[in-house]
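Colleague: I would like to learn how to read a few features of a fold. Where do we begin?

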Amino acid sequence: MSTYPKLLSPIDLGLDLKLANRVVMAPMTRGRATDKLKANDVMAEYYAQRASAGLIITEGTHISVLGRGWFQAPDIFTEEDAKAWKVVADRVHSHDGKIFCQLWHTGRASHSSFREGVPGYEGDMKLSVAPSAIKRGSHSGKQGFTKLPGQVDIETPRALTTEEVDALPEEYRNAAQQAKDAGFDGVEIHSANGYLLDEFLQSCSNKRTDKYGGSMENRFRLLDDVIRAVLTVFEPHQVGVRFSPNGVFNGMGSDDYRESFLYYAQRVAEYKLGYLHIMIGLGFGFHNKGEPMTMAEFRKVYPGTLMANVGYDAKSAEEEIASGNTDMVSFGRPFISNPDFVERLASGAKLNDPAPQSVYYSSVENAMAADGYTDFPTMS
């Protein structure tokens with residue numbers, strides 16, 4: 001009998017979307033796209049190696065030019081993007097895997113260098129955008145992973161006009177359509193970690209006075225419209241949403257975090273989506289606005305499928321699922337150095353040593369390289 005019977009048991013997200021286990025490969029920005037920000041063969045190999053996960057969620061994938069915000073991260077808003085990603089999706093499916101594309105707009109976490117020289121993005125139009133013109137927090141006041149060498153000063157974003165916000169759901173719908181054309185099994189709407197949708201949800205970053213700001217209902221409006229737009233492309237069970245209620249990444253943390261995120265979870269539950277993905281662990285820091293939220297709190301208000309993330313090992317994941325507080329658990333770093341992570345859990349085999357932080361992200365020198373990406377050994 002397996003040591004982790006709950007974790008390794010199958011789960012049905014709906015209709016034809018049946019997962020072989022509840023071990024999910026979490027989205028991780030690895031920065032291995034081409035210089036044209038297209039998916040490529042080395043990315044296809046990376047994801048195919050890890051296809052035994054019950055579900056793979058890709059790295060954050062830019063939905064637009066303004067949404068770009070990480071060096072060598074891929075796009076998903078043109079037909080050419082879809083064709084490039086189709087190679088990845090097909091490879092994963094050839095190994096009987098399931099894969100969702102994470103739809104990502106980086107908001108104020110972006111930098112004007114990503115639009116330098118791009119036609120139509122001159123002057124202030126190349127600045128990062130946000131619900132309000134509030135610079136994101138950082139201990140150093142600097143940011144990396146831009147198109148410029150080294151660390152650069154964090155810029156003050158441009159506040160989106162009401163009309164610009166009105167147009168955002170169509171950008172997500174288009175990205176979802178490209179993902180569907182690429183053959184993905186579904187999409188995850190990235191509403192966490194201080195990126196654009198999270199910035200609208202949280203009172204610390206959203207100071208708007210129009211229909212998108214103020215009350216929790218208004219702050220949820222954009223995500224609500226995005227979900228509706230994406231559901232014109234995918235069925236509800238093929239869509240997930242990700243939150244980070246405890247997170248401090250990108251300078252987040254709001255005084256009303258608990259009541260806000262419980263309300264948002266209830267609103268998302270109305271759509272009966274494939275899952276709600278909660279970054280509940282404190283491995284990336286905690287905003288210290290009160291007690292950390294727990295999966296048990298979300299279970300009380302969310303009757304659908306829940307996915308927990310951050311800081312779990314196999315034992316704690318098994319216990320969380322057995323408690324009924326979550327249905328799946330996503331793992332990040334263990335999948336980097338263990339492409340056969342699921343097989344190792346099933347057999348009780350020792351995990352490879354954790355990958356050094358230096359290989360987690362790409363650089364100019366190792367973009368599109370296999371080193372620290374597809375060269376980790378499987379069990380003999």
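Modeller: With pairing: two strands pair if DSSP finds at least two bridges between them. Strands here are DSSP runs of E, at least two residues long, and helices are runs of H or I, at least four, numbered from the N terminus. β11 (residues 239–243) and β12 (residues 275–279) meet this with four bridges, in the parallel sense. Ile-278 in β12 is the bridge partner of Phe-243.

The model is predicted: local features need pLDDT of at least 70 and side-chain atom pairs 80 or more, while totals for chains, interfaces and linings use all residues. Numbering runs from 1 along each chain as its sequence is written, and side-chain values use heavy atoms, without hydrogens and water.

Colleague: In what order do the eight strands close into a barrel?

Modeller: The order is β3-β4-β5-β10-β11-β12-β13-β14, with parallel pairing. From one strand to the next, the twist averages 25°. Angles run from 0 to 180 degrees between N-to-C directions, with axes fitted to C-alpha atoms, for helices over the stretch in contact. Contact means heavy atoms within 4.5 Å.

Colleague: Which strands does α1 lie across?

Modeller: α1 lies across β3, β4 and β5, at about 150° to β4. Helix α5 (residues 216–230) lies across β5, β10 and β11, at about 170° to β10.

Colleague: Which residues of α1 are buried?

Modeller: Buried means under 20% relative accessible area, exposed over 50%, partly exposed in between (1.4 Å probe, protein chains only). In α1 (residues 41–49), the buried residues are Val-42, Met-43, Ala-44, Tyr-46, Tyr-47 and Ala-48. Their cover includes β3, β4, α2 and β5.
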